[in-house]
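Please look over the sequence and the model before reading on.

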Amino acid sequence: MNPRFGLAQRLLWLGVITTVLVLGVSGFVLRDRLHDTILRSLAASLNERADRISASMRLGDSGHIFQDADLVPDEFRTIFSGWYWQLEAGKNNKHSRSLWDSSLPLAQAKACSDDPELYRLTGPTGEALLGIRRPLDIGGQTPTLYLFGPADATLDELKRIDRVLLISLGILALTLLVSLWLQVRLGLRPLRRLYRALRDVQNGDASRVGSGYSPDLDPLAAEMDEVLERNARIVERARGHAADLSHALKKPLALLTAESGNGQVDGEKIRNQTDTMLRLIERHLARAGSGAGDVRRIDTAACVKNLLTLMRQLHGARNLTWHMDVRGDTHIRAEQTDIEEVLGNILDNAGKWAKNRINIHIQHHGAEKGRGSVEIRVEDDGCGLSDEDMARATRRGSRFDEGTAGSGLGLAIAADITDTYGGSLELARSPLGGLQITLHLPC
């Protein structure tokens with residue numbers, strides 16, 4: 001179908017075509033059956049009269065066929081009554097009294113298209129006739145009997161049936177088409193409401209599409225809201241990246257400013273600070289370009305295993321014990337770099353503060369197929385955090401030990417990225433005595 005047609009036009013055209021075809025075929029079949037019934041009824045009436053005419057025929061001693069006048073039906077006695085019979089028996093031809101001194105032009109008889117057993121013929125007074133042809137057996141002779149009756153009443157009845165069918169099917173078609181138009185208008189109304197809601201979001205008059213459209217469109221609206229929320233989180237995250245970078249550059253810039261005020265400039269210090277600033281800029285540029293759309297199915301357990309190899313190298317001098325427990329399907333849909341950064345920050349934080357042991361538990365929650373979540377729980381046996389410190393831990397720039405290397409953004413970055421994907425990051429006291437970080441990521 002032409003792509004320029006809208007959904008409503010396509011549904012209407014398909015409905016019109018279907019309605020016309022169905023009603024056309026149904027009307028033709030119904031007309032054929034009704035015509036057949038009426039013509040069969042007429043044929044039965046003619047055959048009944050033919051039986052009576054046949055019963056009145058006798059074969060005389062001289063071989064001539066004669067008719068018992070007492071058995072002749074009355075309609076065949078009245079002259080030009082419209083009921084006629086004619087017997088073709090070679091030299092022994094006979095006809096009904098109703099024909100008087102004329103005869104039927106049998107050569108002009110034509111089979112009726114609706115019923116081949118019936119024949120059309122014009123009578124002696126120009127009237128339309130319908131009749132039958134029947135072979136007889138009279139005393140060993142086999143004459144042919146032609147019997148005709150008036151056709152006007154039957155033909156008028158057939159025309160009346162055609163008119164009634166045409167009017168009825170026309171009204172039915174009009175009713176169906178109006179009903180179809182109403183169905184399309186009413187059926188697509190929720191879709192038009194959804195379009196207006198999207199237009200409001202685009203114009204800035206609303207932030208969500210919402211729900212309440214229909215059971216079929218509400219899941220679509222929910223998916224749209226999820227995309228809008230994710231995009232909003234990505235924008236907010238980009239703003240957070242700028243804030244993180246601004247915060248991280250404050251200290252190197254302050255040192256450079258202080259150094260520039262001295263009479264003698266220490267080139268080594270300047271190089272160190274500029275290198276630090278370049279690394280920070282490169283890192284945040286990489287973060288800003290990740291996760292905006294390259295979403296794929298990744299295995300969180302495999303990510304943790306790969307990161308543990310790096311963590312054992314980074315914290316190898318402390319001889320920490322890393323234990324991992326995996327249960328269920330741990331696949332989620334996310335960007336690989338984002339998840340690695342989240343898990344890397346959490347594991348690195350645990351490696352910095354743990355004394356001897358770190359436990360990592362990964363398990364799937366919810367249905368096996370559908371919108372479940374993967375829980376990643378990291379526990380350490382370090383000194384832990386107070387309730388107040390845990391409330392501040394995910395804020396950018398919050399640090400609890402200035403002697404430990406880092407920018408103070410690790411957990412804040414992890415929480416920020418997790419929120420971008422609709423997940424959550426929770427802090428609590430670990431069963432090992434230190435800090436427990438629980439990460440929930442939707443599948």
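In which helix does Leu182 lie? Leu182 belongs to helix α2 (residues 152-187); helices (H or I, at least four residues) and strands (E, at least two) are DSSP runs, numbered from the N terminus. The model is predicted: local features need pLDDT of at least 70, side-chain atom pairs count only at pLDDT 80 or more, and totals for chains, interfaces and linings use all residues. Residues are numbered from 1 along each chain as its sequence is written, and side-chain values use heavy atoms, with hydrogens and water left out.

- Leu182 is partly exposed, at 41% relative accessibility; buried means under 20% relative accessible area, exposed over 50%, and partly exposed in between (1.4 Å probe, protein chains only).
- Together, Leu174, Val178, Trp181, Leu182 and Leu186 make a nonpolar surface patch of about 490 Å².
- Patches are made of residues with over 30% relative accessible area and no salt bridge; like charges are joined within 9 Å, and nonpolar side chains (Val, Leu, Ile, Met, Phe, Trp, Tyr) within 5 Å.
- Accessible areas come from the Shrake-Rupley method with a 1.4 Å probe, and for residues only the protein chains shown count as cover.

**Salt bridges**

- The count comes to 15 salt bridges, a salt bridge being a side-chain nitrogen of Lys or Arg within 4 Å of a carboxyl oxygen of Asp or Glu.
- In helix α2, Glu157 and Arg160 are three residues apart, about one turn of the helix, and their side chains form a salt bridge (2.8 Å, N to O).
- Glu157 is partly exposed at 29% relative accessibility, and Arg160 is partly exposed at 41%.
- Asp32 and Arg33 form a salt bridge whose closest N and O atoms are 2.8 Å apart.
- A network of salt bridges links Asp32, Arg33, Asp36 and Arg40.
- A further salt bridge joins the side chains of Asp51 and Arg134 (2.4 Å, N to O).
- Because Asp51 lies in helix α1 (residues 7-56) and Arg134 in strand β7 (residues 128-135), this pair ties together parts that are 83 residues apart in sequence.

- Helix α7 (residues 336-353) has 18 residues and reaches 26 Å from its first C-alpha to its last, close to the 26 Å expected at 1.5 Å a residue; the expected span is 1.5 Å times one less than the number of residues.
- At the start of α7, a side-chain oxygen of Glu335 comes to within 2.8 Å of the backbone nitrogen of Thr337.
- The buried residues of α7 include Ile339, Val342, Leu343 and Ile346.
- Helix α9 (residues 410-420) is largely enclosed by the rest of the structure, because nine of its 11 residues are buried.
- Among the buried residues of α9 are Leu411, Ile413, Asp416 and Thr420.
- After α9 comes Gly422, whose phi is positive, near 80°.

**Gln436 and its surroundings**

- Gln436 is placed in strand β15 (residues 435-442) and is buried, with a relative accessible area of 13%.
- The side chains of Gln436 and Thr438 are joined by a polar contact of 3.5 Å.
- A polar contact is a pair of N or O atoms within 3.5 Å; within protein, one must be able to donate a hydrogen and the other to accept it, and residues adjacent in sequence count only if both atoms are side-chain atoms.
- Leaving aside neighbours within four places in sequence, Gln436 is in contact (heavy atoms within 4.5 Å) with residues including Arg377, Glu379, Leu427 and Pro431.
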